[in-house]
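Keep the model open while reading.

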Amino acid sequence: MLRDNYEVVIGLEVHAELSTKTKIFCSCPTEFGGEPNTHCCPICMALPGTLPVLNEKVVEYAVKAGLAMNCEIEKNSKNDRKNYFYPDLPKAYQISQYDRPLCKCGKITIDDGLGEQKVIRITRIHIEEDAGKLNHDDFGGGSLVDLNRAGVPLIEIVSEPDIRSSKEAENYLRKVKSILEYIEVSDCKMQEGSLRADVNVSVRKKGDTKLGTRTEMKNMNSFHSIVRGIEYEIDRQIDVLEAGGKVEQETLRWDDVSGRTFSMRDKEDAQDYRYFPDPDLVAIHLSDEYIENVKKTLPELPESRKVRYLDEYKLTEREAKLLTASKYLSDLFEQTVSKCGNPKAVCNWILSDISRILNEEEKEPNEIPFNSDELSELITLIDKGTISSAIAKKVLEELFKDPKAPSKIIEEKGWVQISDEGAIKEIVLEILANNPQSIQDYKGGKDRALGFLVGQAMKQSKGKANPQMLNKMFIEEMNKM
Amino acid sequence: MEIYELTVHELLEKLDKKEITKKQILDSYASRISEKEKDVQAFITITDDNLEEKLNNVSSNPSKFAGLPIGIKDNICTKGVKTTCASKMLENFVSPYDATVMEKINAEGLISLGKLNMDEFAMGGSTEHSYFKKTRNPWNLNKVPGGSSGGSAAAVASGMVPWALGSDTGGSIREPASFCGIVGLKPTYGLVSRYGLVAFASSLDQIGTLTKDVEDTAILLNIIAGHDSKDTTSINHEKEDYTLALKDDVKGLKIGVPIEYFGEGIDKEVREAINKVIEKYKELGATVEECSLNVAEYALATYYIIACAEASSNLGRFDGIRYGYRSKNYENLKDIYKNSRSEGFGSEVKRRIILGTYVLSSGYYDAYYKKAQQVRTLVKKEFAKNFEKYDVILAPTAPNVAFDIGSKIDNPLQMYLSDICTVPVNIAGLPGINVPCGLNNEGMPIGFQLIGKPFDESTIIRAAYTYEKNTNFRKNKPEFKK
């Protein structure tokens, strides 16, 4: 295959909005949504004479992210101005960081998709302000500027070009997202744009030491489009090279609908941002003590949590890995176990049925509408034999639709398990009467026949009969025959 | 003496003795404005309407300054009153907020009589670069008042306001104060909040005072100085009472006079006047010695690189999108930017934006901006070295007296040279004060400046006060020669 002759080289620049209450240089709220231009003030609208004041929380969050990604923390950092004109950038410069980012030389470990662990190096993490938003539609050809987002704090996490496949890129971004969620510095809502990535892709002939010319896809905000976009670019670049052409260095826009990239600007249009230190802001000096104190606030990260799960809850490697990949699921797991015990069952419910429903509904874990109270009650009801797992699955569907106490759902729907011996016996006798062939099969040594009979009984009782009791009673009754 | 001729501390004394009323003070200034403004052209916006009502509004304010007038340079944001920066770009701009200094001024109940003319965005040394009008020097209406705070200086010198606020990025308070024969103080960088001062060069800009005498300088500085959490470059410095420095005593004061300030560009009469100042200080018991500021000769180039670089970025926000001037002539976004900025800015502003853009460009940054920052460090060090030996440094404020209107307008380099004595102080972030020290043979004022250690405004105020007390130059009055 043609692709086998090439090596793919990928680097990601991940932008994450920080979940501070206020903006990076003023006290406006960072809240998403809101009527246009209601979360802004003279400072983030860049009125003449206004000055920025750096939000200390932003520095703390960035340092926290740096420490969680094993970075060195820059003790003498500063803010720089990146100058360019665009209507969503009210000062005509973005306050960012140029040559002294807060964090540098980090690394994180990812799954390479082929079962191996791989280290991806982090070049730097710096703080900067987000721009506003242009509303191009509905205004008779014009555009309107909404500055609610202008000045929302961001960190930009830049990786080294260590990524070698779209799967690795996806896993890298998942890992970054998971770490940011764990340390609670960003809510990472990709659909709201609070986590997005610029993806740099190049290809080179295997064995080449020189990197190929790269293209950059801007503002990718779903795992799906990142994977598709990378795959598209790999094919496109290889086609260009195989046809004897040269890959142009350019900035691209990925279009999810047509499934292809479009050129936004080429190298000739490359802007000169005229970076220089922002004279309105004093340098950022961090003491060892400060960095130590931030370090102390770091929660348990996925890696160590995973190890603990193997030991404390006796989960398998795979289960522990899947659970800890999402802070939200992992927290739900621990809270539920603390209320109802039975870690194996809790883990199974989260990784199978709950994850399946999330997948089907294209939801993120933090959108689960119920919490550990409901989930632990559900599992306790199964353990006590009040409901069967079949009913429990139906209760779970209900919980996603209209979250309330599982006992209440069962009561309202009349789903209580039939564990009354007389009632069970009645069902068993009826089924046996209707299925003489199965009795013969069973007696002839075909164990499968028992399963069939129980299944019929469950069907008849609309899932409410206690399956253990059914099992027992079928055997008893048939042995009597 | 007419009321408009009095200093603020003299007004306060007369108020105290009930010899005059605040209403009389306001009326005196209002009638002076209606008499002299047509000749001097110091104001962009006059706000001397409804004075009785304004006086009423501050009647419950316990401050002794409540109801006294003041003038404000038109690059300081005033809520509800236009702040134009003397630019077509902001011709109709009304700030929705008050600058921190205005909050302080308002808290004292001071009443602003108007917004004063200046060079556009404070770029210039003659106030000829105003989009609206050319302000005249009250001593001779054919001469410039200096700049960029030329409106502030001319308004104080002509008695249209008793005192005024200005801003000084490279000499913009001290040079016009010198040209108009008044006292002008540029405080230490960081002493007065810049919040609400429309930025020209952020690392150099500082709001300061223009007053009739040194005592008023101390009083007004007391009002405007102080840390502001809205300006992270403002220093959390212990609040001082500068009027305590008003002592007639320089005995034992060590004054350094840098030889570099007396090079060939300095006018002969200015040089002679400064020499007399030196003699005076010696006579009053100070020791005066020649000293050296080697890097001073690089200060002007350094200043123009740093100031223009910062300006090119600071003025980016005037893009025709959200507020300010927007060209009617556009078909796309690029046109809005290009035409709004081409039509909205004057030539001097455009010259500096282009220069600043150039020195920050990739490939040139190291040779210009970075080098300038290195020289800036050297200038600071050399001042610091001198301050190990001297309490204050004395120098001319400007190499010459006020020049004829139009005589330098087509020669920017000649114009820039007027800043040669004042810019080193901004580069080093030091306090500097202009004190009048005589008239030349044409009757135009000459001034000298005293430069102090960082946050040592008190010492230069004491030295200036002592000089003023022992000379009569403050008593000279402008003649409005035509």
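## Helix packing in chain A

A:E319, A:L322 and A:L323 of α6(A) meet A:C347, A:I350 and A:L351 of α8(A). This is a predicted model. By class, the contact of α6(A) with α8(A) has 5 nonpolar residues, no polar ones and 1 charged. Two packed helices are described by the angle between their axes and the distance between the axes. Helix α6 of chain A covers residues 317-325, and helix α8 of chain A covers residues 343-360. Their axes come within 11 Å and cross at roughly 65°. The crossing of α6(A) past α8(A) is left-handed.

## Domains of chain A

How is chain A divided? Domain 1 spans 2-291, domain 2 spans 300-413 and domain 3 spans 421-480. The C-alpha centres of domain 1 and domain 2 of chain A are 34 Å apart. At their contact, 6 residues of domain 1 of chain A touch 6 residues of domain 2 of chain A. On the domain 1 side, helix α2 (residues 166-182) of chain A gives the most, with 5 residues. That side of domain 1 of chain A divides into 3 nonpolar, 1 polar and 2 charged residues.

## The sheet of chain A

Chain A has an open sheet of 9 strands with mixed pairing. Its order is β2-β6-β7-β10-β1-β11-β12-β13-β14 (chain A). The edge strands are β2 (72-73) and β14 (260-266) of chain A, and each pairs on one side only. Within chain A, strand β12 (residues 215-220) and strand β13 (residues 250-255) run parallel, joined by 2 bridges. Here A:M217 has A:L252 in β13(A) as its bridge partner.

## The sheet of chain B

Chain B has an open sheet of 11 strands, again with mixed pairing. The order reads β1-β3-β2-β4-β6-β5-β10-β11-β9-β7-β8 (chain B). Which strands stand at the edges? They are β1 (43-46) and β8 (287-291) of chain B. Each has a single partner strand, so one side of each is left without a neighbour in the sheet. On average, neighbouring strands of this sheet are turned by 25° against each other, direction ignored.

Is strand β9 (residues 392-396) of chain B mostly covered or mostly uncovered? Strand β9 of chain B is mostly covered, with 5 of its 5 residues buried.

## Where the chains meet

How many residues of chain B are in contact with chain A? There are 33 residues of chain B in contact with 25 residues of chain A. On the chain B side, the elements that give two or more residues are α9 (296-314) and α11 (347-360) of chain B. The largest share, 3 residues, comes from α9(B). By class, the chain B side has 13 nonpolar, 13 polar and 7 charged residues.

How values were computed: Residues numbered from 1 in each chain as written. Chains lettered and ligands numbered in written order. Predicted model: local features only at pLDDT ≥ 70, side-chain atom pairs only at ≥ 80, totals over all residues. Domains from an automatic or database assignment. Contact = placed C-beta atoms within 7 Å. Helix = DSSP H or I, 4+ residues; strand = E, 2+ residues; numbered from the N terminus. Nonpolar A, V, L, I, M, F, W, Y, C, P; charged D, E, K, R; others polar. Pairing = 2+ DSSP bridges. Axes fitted to C-alpha atoms, helices over the stretch in contact; angles between N-to-C directions. Left-handed = near helix turned anticlockwise from the far one by under 90°. Buried ≥ 20, exposed ≤ 12 C-beta atoms within 10 Å, placed from the backbone.
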